[in-house]
Every structure is written in structure tokens, then in C-alpha cells.
Amino acid sequence: MLLKSIKYHNFRPFIGDQKIILSSPNDDLDKNVTIILGDNTFGKSTFVLSFIWCLYGESRFTKANDILNKKIEKELPPDPSIKEKAIVEIEFEDENIEYTMRREQSFYRNENGQIKSDGSKPRLTYIDPEKHEAKSGGLTVSEINMNIKQILPKDLSTFFFFEGEKNNEIKRKDLGQAVRTLLGLEAFNKMMEHLHGSSSDKEPTATSVMGDYLKKQDDGSNKKAKEEFERKERAENDLNSIKEKIQEKDNEIQNYEELIDKVNERLREAEPSKEMQKRRDLIAKDLKDAEDSLERKYNQYFRAFSSNSFSLFVYPLLESASNKLEKMQVNDKGIKGIEASAINELLKRGVCLCGCDLKEGTAPYKNVAKYIDYVPPRSIGTLVLDMDEMLVEEEDKAKNFADSYEEQYKEIVKLREKINNLEKEDEAILQNLKEIGVIDTEGDESDLSKYKMKLQELRAEKDHLNSKRGSFESEIQNATKNYNALIGKSESARKYKVYYKYAEAIYNWVSKNYSNKEDELRDRLANNISELFNNMYSGHREISIDKLYNMKMTFQGDIVDDTGGLRVIEYFAYVGGLVKLAHEVKVEREKEDDDTASEALGEEYPLVLDAAFSHADQTHTKNIARELSKCANQLIFAMMKKDWTFAKEGLEGKVGRMYELEKIDETEVHIKEVQ
Amino acid sequence: MFEEDDDGIKLDKAKFVRMINRVYKKERINSKTGANNDKQMKTQIEKIIEEEAGSNF
């Protein structure tokens, strides 16, 4: 914040319209000092306190209502309709925006001769930096107060508007928050607190931003989706293991089939059993075909169960639900896929889709309009229609499944019978061959019997494995379906995960860059103050700052009393050190290459000082003036002429504008610019 | 910070920078005005994060 000018209209001794233009480093970088000269009772305190009155509406004058110029006040007739205004208007600049703050208060004399007031009224305007036009800085008093607070809060202003010894703010108990706010650190502290909660807690607190996002992520669907995914993985592993076992069985089956073929080959070679062997070859081929067909049928049978049995089992439940809805007599006159907004649109257009005119009040209009009651959002009739359609669909599926399942089972039974018959026939032929004694089939027959038995066992085992395979395939299918459904739900959880990641990243960045920044800035503030103090003070004191930003002054280890002139130097060193640091961190931030947090940490503040040298001797006056003009961005001194004699030595080349207060009488002071 | 994590989430640096600046500015003003309480500030920070991150979805 930099002050540009202050205007008065009948404000206390400043009668009529008077204006002070203030030196600003924006106009001339080297000339940042304005001097207001005036002896005691010439209006120096009024000058400083007029800033407080205008910006915050607070009167710190001995008599709070002594605002209107006394000469003007005296001339007011006892007529409430005749009013006179006291006005203060400040032009200032903050963050490259020009503001005008005006406060006025109307006064009148009532019939009893007493002076009354309407209360002060603020008005804040600013120049829109893009459109270059004046805009209101708030329509209500509270809006204006809020905007002024954003620029320079009242409780911090006492650092910068010095009223002599009356408000030595550095003696407050806890300066921490005020100093942190001025340096921009409080915002980072609050940022970390709001994002994470207490920094001593490792995990974010439930009421913090991060805690909230953690809670929102955990809607349960993530966990369930994970469980379904694991179930799918387990079933896939089991399926692979079953497939390996089936492959082993296939290998063994193939092995035994080859052995059987060899035995049969030997038997075929024996004469006169050729015809019988031919028949046995055919039986072996038919057997092989029948076994293959049986295996295919089994696979189809298990797959069909996995895929389609849901409809069969769920149908009774759906039918029961439908019966209940029917008993509830839910209206089902709705039109599927049509909502009330579509019907309203047709009525608005005045033409139906069929081309019929829909003029309000006509039968077609009423006919179409009545459907609004049966379609969403008003009616659940269409939902019932959907339900009915689903029921019909599921009923069809259930019936089809039952029919086809029965058919497949019949085919399996037929194939088993066929295999059984072929095996019996083969055994009978073998028996014949043995009985006619054409060949010695005893050894081969025994082997063949063993092999066939083993083959049967293997095939039974393979059937069992195939049924397991079907159930695992079904498990995989169900788990995948559930997982996909839950993943859809957990999209919302994922969204909060992204928000959490951003909140966490911001917290980590602030934590890394600023948690130690306060200690660093406190040390720098102590150094600034110490340097300023020892440059202002002709003797030497050690200065330190405690955790609450209170200043402690010692000499050779002993605490020193700070009375009189020392207290004023102490104050100026403190405030000077603070504005210097605020300016330094602002400049440093602007120079930093890092493109994060480009907002400035510190800010620029003016120093407006009254009776700064009332306790200071010549040397200290010169020193204080010199040091403050070096560290403050803008410095406005209201001082007595006698002090100027010494102060000007310290302010050489720094003063941009100088004014003198010319007292005509107790009620009239003129502000004259000194060239 | 801006690498893809195990969940396939990758933060956008430009959005992150805008978030920090907007949240800081809001906190900075509130540290002076005290206009919003902690709960209101938390809601406003969440709004900023969600607005900036929003285009991810």
C-alpha cells in the first residue's frame, strides 16, 4: 500500500478544501519522504489521525465527535434541515490498483442549539486496471470495511500510523500473528492447517481437506472391487491348474489308447479272426468317436450351466416381485423411453410427432398432456413396464435354458449307452476269439482289460476335472462382471484420490518451503532491528526477538529498562525492521525463478509518524530520520520546525514534498506547500 | 511429484501452480480479514482444488 494524497473538507482545523500530495517511490524512487511541519496544536496529530478516521471510521480525537471544523459548526443555524459535511478523502495504491477512500459526516444544529451528527459514511472506489474506469469498492459499509481490511487491517495499522507514545504497539503481548500476517507467513500456516490439520500429526486430521478427501475415497467400492479382482485371479490360477491336469489326463488317455491299439493290432494279425478283428476295429473307432463326442457334450453342458442358469434361478423371484407390483396396482400407462420434458417440448411446439396440431385446450392437446402424469419424473409406471419386459425376457431365457439343458443331458445319456454297448460287443467278440482258440489271447486280453479299466478311470477323472473347469470359468465370469460394475462405482473414489494427491502435493510444497521460513525470517527481523537500533542509538544495546516477536534489549547480558527516548528508538527500530523485511521478501519472491507461489510474500507499507522526535536529541533525530528513510518504502513525517533542523541532515535528497501548517487561529489551519 | 504413480495418477504442474497461488491468495486475504472461519476456508480450498483438477475427468 502506498499513499498518494489526502484531501480535507472542513475537517477539524482544515477549513474549506485542502489537499496534501504525498511523495511516493512510484513517482520518484529516491524521494520517498513527505514532511509536514507544524508546531504544537497546529494539526499534526489531526493529520495522522485523519488516516485512521477515513480508513476505519474510528475517531481517536480527545472528543470523538469533534470532526466538523469549529468555525463552520458555529455558523450552523438551529435547523436540522441545514447540514454541513466534514470530509476526508485518501487516494492510495495497492497491488497496482488505484483506490479512493472517502468518508464524510454530516452535522446539524437542532432546535435546542445542540450539534448533532448523522454518523460517518464511507465510500470506496477503485480504477479497474483493465477497463480503466472507476468502480465501487463495496455497496455496504461492511463490504467497504472488508475491502479495506484486505489492504491494511485496522489492528495492523497501528504499526504504521504512529501517534507519538500513545500507541506503542510493540509492547503488545503477542505480536506473532500480526507480524506473520504482515510478512505473509500466517497465510502459509493457515494453508497447512486447513490442508492437513495439526503438523504434529503424521496423518491428516479428519476435518482437514486431505482428511476429507481420504474419507470420500473410501466408499467401500474400491475394497470390494479389489476383492472381486482377487477372486478372479484365484479362479484363473485354479483354472490354469485344472487345465494342466486335464492335459496330463489327455496324455495318459492317449498313452492307454495307443497300448490298446497295439494289443488290437496283435489280435488282428491272428487268422482266421480277421473278420472279427475288422469288426473290433470299427468298434474301436466308434468308441473313440463316441468318447470325443461325450467330452464335447460335457463341456457344452457345464458351460451352458455357468452362463445361463442365472435366469432359471432368478425367475421365481422376479415373478414374485411382479405379482406384488400388480397387487399394488402401480399404473403402467407410461411410454418407455419418453420423459415429461419431451412431452412438454411437443406441447410447446404445438405439433405432435404424427403431425397432428396440439393447440391448447383441444382434445389432442389434452390427450398428449395427460401422459405427463405417467412418465418420469412423475410416475414409476414406465419402470414397471421395464420390469415387465425384463420378466418376459428372463422367462424366455429360463425356459430356453431348461429345454436346451434337458436336451443336452439326453444326448449325454445316449452317448454313454452307445459307449457301453460298443464295449460289451467288443468283449463278446474277444470272448469268441478265445473260445475258438484260434489265438492265444490270454495275455493280450488281460492287458486289454487292464488298459480299458484304466482308460475308464482316466476318463472319469477327466470328466470330474472338466466339471471343475466349468465352475472356475463361471467364477471368473461372475467376478469379472462384478469387478467391472464396482470399478464404475469407484470412478468417484478415483476422482477424490486425484484431489487428495493435489492437496497432498500443495501441503508438501508449503511444508518444505515455509515451515522453516518463519525461523529464518524471525532471525532476519532480529538482525534488521538490531542493525537499525544501533544505527539510530548513539550507544550500544543487544537486541533479540522471542518466539512471540517481542523485543528484548540487553547490555552486556543484563536486561535494560526502556524508558523515554530509548523506547521511541526501540519502536522505530522495530517497525523499520519490519517494513524493511516485508519489502525485502516481496522483492526476493518476485526475483525467484520458481514459478510456483508467484504471489508475493511480503507487502509494502507506508510509515506515517507524528511527534517522532519528541523524546529524541539532535543526534538521535538525525539518525532516526536517516535510518527510517532508508528502510521504509514511503515515509511521512509530521514534525515540529525545531526537529526539522536536525532531521533534514538525515533526509538529504530524500524529501519529495514538504508542507507547512499555518495556524490562523484555534479553528483554522491552512496547509501550504513549501517549495 | 509430477510422475505417474502406481494408481496411474499424474499431477499437472500448471494446475498445481494455479492451485497454490489461488489458495495462498485466499488464505492471505483471510488472514487479514478473518471473514471466513476454518470450515469455510476448507470448503473454499476444496472448491479451488476441484475446479483446477476438474478437467482431468
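Start with chain A as a whole: chain A exposes about 35400 Å², and carbon and sulfur atoms supply 48% of that area. The model is predicted. Colour chain A by secondary structure and you will find 18 helices and 15 strands. Of the 675 residues in chain A, 45% count as buried. Among contacts in chain A with a separation of 6 or more, 69% are between residues 24 or more positions apart.

Next, select A:Phe305, A:Leu312 and A:Phe313. These residues form a nonpolar patch on the surface, with about 280 Å² of accessible area together. A:Phe313 lies in helix 9 of chain A, residues 274-327. A:Phe313 counts as exposed because its relative accessibility is 51%, and the cut-off for exposed is over 50%.

Now show chain B beside chain A. The size of an interface is often given as the accessible area lost when the parts come together. Here chain B and chain A bury about 3600 Å² between them, 65% of it on carbon and sulfur atoms. The contact takes 43 residues from chain A and 34 residues from chain B. Between the two chains there are 10 residue pairs in polar contact, counting pairs with both residues at pLDDT 80 or more. On the side of chain B that touches chain A, the elements giving two or more residues are helix 1 (13-33) and helix 2 (38-53) of chain B. Helix 1 of chain B gives the most, with 16 residues.

Side chains of opposite charge can pair when their charged atoms come close. Between chain B and chain A the count is one salt bridge. Select A:Lys190 and B:Asp38 to see this salt bridge, with the closest N and O atoms 3.5 Å apart. A:Lys190 and A:Glu193 are separated by about one helical turn, because they are three residues apart in helix 6 (residues 185-196) of chain A. A:Lys190 is partly exposed, with a relative accessible area of 22%, and A:Glu193 is also partly exposed, at 36%.

Move on to A:Glu668 and A:Lys71. Their salt bridge has its closest N and O atoms 2.6 Å apart. The pair links distant parts of the chain: A:Glu668 is in strand 15 and A:Lys71 in helix 2 of chain A, 597 residues apart. A:Glu668 is buried, with a relative accessible area of 14%, whereas A:Lys71 is partly exposed at 26%.

Finish with A:Glu186 and A:Arg180, which form a salt bridge at 2.9 Å between the closest N and O atoms. Both residues, A:Glu186 and A:Arg180, are buried.

Note on methods
Residues are numbered from 1 along each chain as its sequence is written. Chains are lettered from A and ligands numbered from 1 in the order in which they are written. This is a predicted model: local features need pLDDT of at least 70, side-chain atom pairs count only at pLDDT 80 or more; totals for chains, interfaces and linings use all residues. Side-chain values use heavy atoms; hydrogens and water are left out. Helices (H or I, at least four residues) and strands (E, at least two) are DSSP runs, numbered from the N terminus. Buried means under 20% relative accessible area, exposed over 50%, partly exposed in between (1.4 Å probe, protein chains only). Contact means heavy atoms within 4.5 Å. Accessible areas come from the Shrake-Rupley method with a 1.4 Å probe; for residues, only the protein chains shown count as cover. Patches are made of residues with over 30% relative accessible area and no salt bridge: like charges are joined within 9 Å, nonpolar side chains (Val, Leu, Ile, Met, Phe, Trp, Tyr) within 5 Å. A salt bridge is a side-chain nitrogen of Lys or Arg within 4 Å of a carboxyl oxygen of Asp or Glu. Buried area is the accessible area (1.4 Å probe) that two parts lose on being put together, summed over both. A polar contact is a pair of N or O atoms within 3.5 Å; within protein, one must be able to donate a hydrogen and the other to accept it, and residues adjacent in sequence count only if both atoms are side-chain atoms.
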